[in-house]
Amino acid sequence: MPSLNLLGQALLAGLFTGGLYALLGLGLSLTWGLLRVINLANFALAFLGAYLSYQLATALRLDPFVTLAIVVPAFFVLGVLMQLGFQRFGISELVSLIVTFGLTVILESLIQWIWTADFRRLETPYVRATLKVGTLYVSVTGLVGLVAAAGLTLGTWAWLRWTYLGKAARALAEDGAMAAAFGVDRRRLALLLSGLSAAYAAVAGLFIALSHTLAPSQIYAWMGVVFAAVIIGRLGNALGLLAAAIAIAVSEALTMAVTSPGWAPLVSFTLLIVVLLLRPEL
């Protein structure tokens, strides 16, 4: 039986990993839930953002968090351009899955061409910074990532719930024709949502760079578990995504502490199957 200290440390690790899952899934949840675009390229964008943060921080000696001032606006524009392409060719929901998978492969090849397949690690004081709370060690990077995930998901939820644009986006997802009849400009709103989704991927990329060793093949490592979190949390529901991501990550971490790491991948899909059986309307 693992010690209470080990379980506490596993719980913290699960919370921080859940924050990263939520950051990775936020853009996918928005585009899938509100635009009916299953944008797998968000995962590749997150890793592209991680590599760009790494490059800017090492080559120009910028603080990793300052790199967001460059990467986030650039990714917003990239997201807008992607959506313009989807609109130009009238991409449907199913086709978007295939097209964005192709974009993911292209971005992976681009990353490998520029940075090679070698493992890279962003070395900053943030990586080693920890706080000691009782007998537990708290990663400062993980804590900041969790706070960022909570802030962005809460802010997105509030924006969708209480602002005109947010209400228009939800109305568009419910009944596009009716929303258009009331003056909602679907094209411009879709560009905004796609830009926001790409910007969220840039933020996720920063925390990937701060907490993990980078390699192009890792783009696919979290696809399954983040997909599960997006579906369990309900499409387009930012707070639901955060709750689901944390529940999955904590379950995985505790499973690894109690049994062995090999059992952890079963957790997310077991939870997904159980939730879909109990709530098939998801």
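# A tour of rings, charges and a surface patch

The structure holds seven aromatic pairs. This is a predicted model, so everything on this tour is computed.

**Stop 1: two phenylalanines.** Select Phe65 and Phe207. They form an edge-to-face aromatic pair. The ring centres are 6.0 Å apart, and the planes make an angle of 65 degrees. That angle counts as edge-to-face because it is over 60 degrees.

Which parts of the chain does this pair tie together? Phe65 lies in the loop between α2 (41–59) and α3. Phe207 lies in helix α9 (residues 186–211). The pair therefore links parts that are 142 residues apart in sequence.

Now colour by accessibility. Is Phe207 buried or exposed? Phe207 is buried, because its relative accessible area is 5% and the limit for buried is under 20%. Phe65 has 28% relative accessibility, so Phe65 counts as partly exposed.

Stop 2: Phe65, Tyr126 and Phe207 form one aromatic cluster.

**Stop 3: a charge over a ring.** Select Arg88 and Phe89. The charged end of Arg88 sits over the ring of Phe89. The distance to the ring centre is 5.4 Å.

**Stop 4: the salt bridges.** Side chains of opposite charge can pair when their charged atoms come close. How many salt bridges does the structure hold? It holds two.

Select Glu123 and Arg128 for one of them. Their side chains meet in a salt bridge, at 3.3 Å from N to O. Glu123 has 52% relative accessibility, so Glu123 counts as exposed. Arg128 is exposed too, with a relative accessible area of 58%.

Next, select Asp185 and Arg188. They form a salt bridge whose closest N and O atoms are 3.7 Å apart. Asp185 is partly exposed, at 39% relative accessible area. Arg188 has 62% relative accessibility and counts as exposed. Why do these two labels differ? The label exposed needs over 50% relative accessible area, so 39% for Asp185 falls in the partly exposed range.

**Stop 5: a nonpolar patch.** Select Val77, Leu78, Leu81 and Leu84. These residues form a nonpolar patch on the surface. Together they have about 310 Å² of accessible area.

Finish on Leu84. Where is Leu84 placed? Leu84 is in helix α3 (residues 68–89). With 30% relative accessibility, Leu84 counts as partly exposed.

How values were computed: Residues numbered from 1 in each chain as written. Predicted model: local features only at pLDDT ≥ 70, side-chain atom pairs only at ≥ 80, totals over all residues. Heavy atoms only, no water. Patch = residues over 30% accessible without salt bridge, like charges linked within 9 Å, V, L, I, M, F, W, Y side chains within 5 Å. Areas by Shrake-Rupley, 256 points an atom, 1.4 Å probe, with all protein chains shown as cover. Salt bridge = Lys/Arg side-chain N within 4 Å of Asp/Glu carboxyl O. Helix = DSSP H or I, 4+ residues; strand = E, 2+ residues; numbered from the N terminus. Buried < 20%, exposed > 50% of the residue type's maximum accessible area, 1.4 Å probe, protein only. Phe/Tyr/Trp six-rings, centres within 6.5 Å; stacked < 30°, edge-to-face > 60°. Lys NZ or Arg CZ within 6 Å of the ring centre and 35° of its normal.
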